[in-house]
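Colleague: Could you walk me through this chain, starting with the overall picture and then a few residues?

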Amino acid sequence: MEYKITAPFDKDTISKLRSGDMVYISGDIYTARDAAHKRMKETLDKGEALPINIEGNVIYYMGPSPAREGRPIGSAGPTTASRMDKYAPELLDMGLSGMIGKGKRSKEVLDAIVRNKAIYLAAIGGAGALLSKAIVESEVVAYDDLGTEAIRKLRVENFPAIVVIDSEGNNLYETAIKEFCRE
């Protein structure tokens, strides 16, 4: 199925999406990669508040290239999600509703997705220039000193992604293998 959805995601929207569905996201999402996740974890460990509200929001695992003249952002392709696996369960337990990246996730992340009725989406790797066309605004909102790994708030319009792990734990990376394997 194909859906047009709005970020941040609400639980009703998430509950309707199934592994393998194509979505086009409009609204506000945040970017964060390894260094930003590490800093968020350090902040939480100190008992301090995060610089962004995680509740109901979506994090896109991406570090953009510099913007060309007249564009809000440069190439904006996904990074490997498994690098954030040690941080994701805690953020999901705090109310993060969705993640966008590429590649497989750990069992701990899958369990946290199901526990929190969240979702994991994949953006197409290698298509960063094309994906950037769906980003209409970009603003650094935290950790500016991290450069491309700073947390950004993005306004997106019809950003394409595929539901990989739905709120029930169905995982496209597993079901697709079973469906297309020949014995």
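Predicted model: local features only at pLDDT ≥ 70, side-chain atom pairs only at ≥ 80, totals over all residues.

Colleague: How many helices and strands does the protein chain have?

Modeller: The protein chain has 6 helices and 7 strands, where helices (H or I, at least four residues) and strands (E, at least two) are DSSP runs numbered from the N terminus. Along the sequence they follow the pattern β-α-β-α-β-α-β-α-β-α-β-β-α.

Colleague: And why call the protein chain as compact as a globular protein of that length?

Modeller: Because its radius of gyration is 16 Å, close to the 16 Å that the globule rule gives for 183 residues; the radius is taken over C-alpha atoms, and the rule is 2.2 Å times the number of residues to the power 0.38.

Colleague: Which strands pair with β7?

Modeller: Strand β2 (residues 22-31) pairs with β7 (residues 151-165) in the antiparallel sense over 9 bridges, with Tyr-30 opposite Lys-153. Strand β6 (residues 135-142) is also antiparallel to β7, over 6 bridges, and Glu-137 there has Arg-155 as its bridge partner. Strand β5 (residues 119-122) is joined to β7 by 3 bridges, again antiparallel, and Ala-122 stands opposite Ile-162. Two strands count as paired if DSSP finds at least two bridges between them.

Colleague: New topic: is Asn-57 buried or exposed?

Modeller: Asn-57 is buried, with a relative accessible area of 9%; buried means under 20%, exposed over 50% and partly exposed in between, using a 1.4 Å probe and protein chains only. Asn-57 lies in the loop between α2 (34-45) and β3 (58-60).

Colleague: What does Asn-57 touch?

Modeller: Leaving out residues up to four places away in sequence, Asn-57 touches Pro-8, Tyr-30, Gly-95, Leu-96, Ser-97 and Gly-98, where contact means heavy atoms within 4.5 Å. Tyr-30 is the residue that stands opposite Lys-153 in β7.

Colleague: Where is Ile-73 found?

Modeller: Ile-73 is in the loop between β3 and α3 (88-93), and at 4% relative accessibility Ile-73 counts as buried. Beyond residues up to four places away in sequence, Ile-73 touches several residues, including Met-62, Ile-135, Arg-152 and Leu-154.

Terms used:
Residues numbered from 1 in each chain as written. Heavy atoms only, no water.
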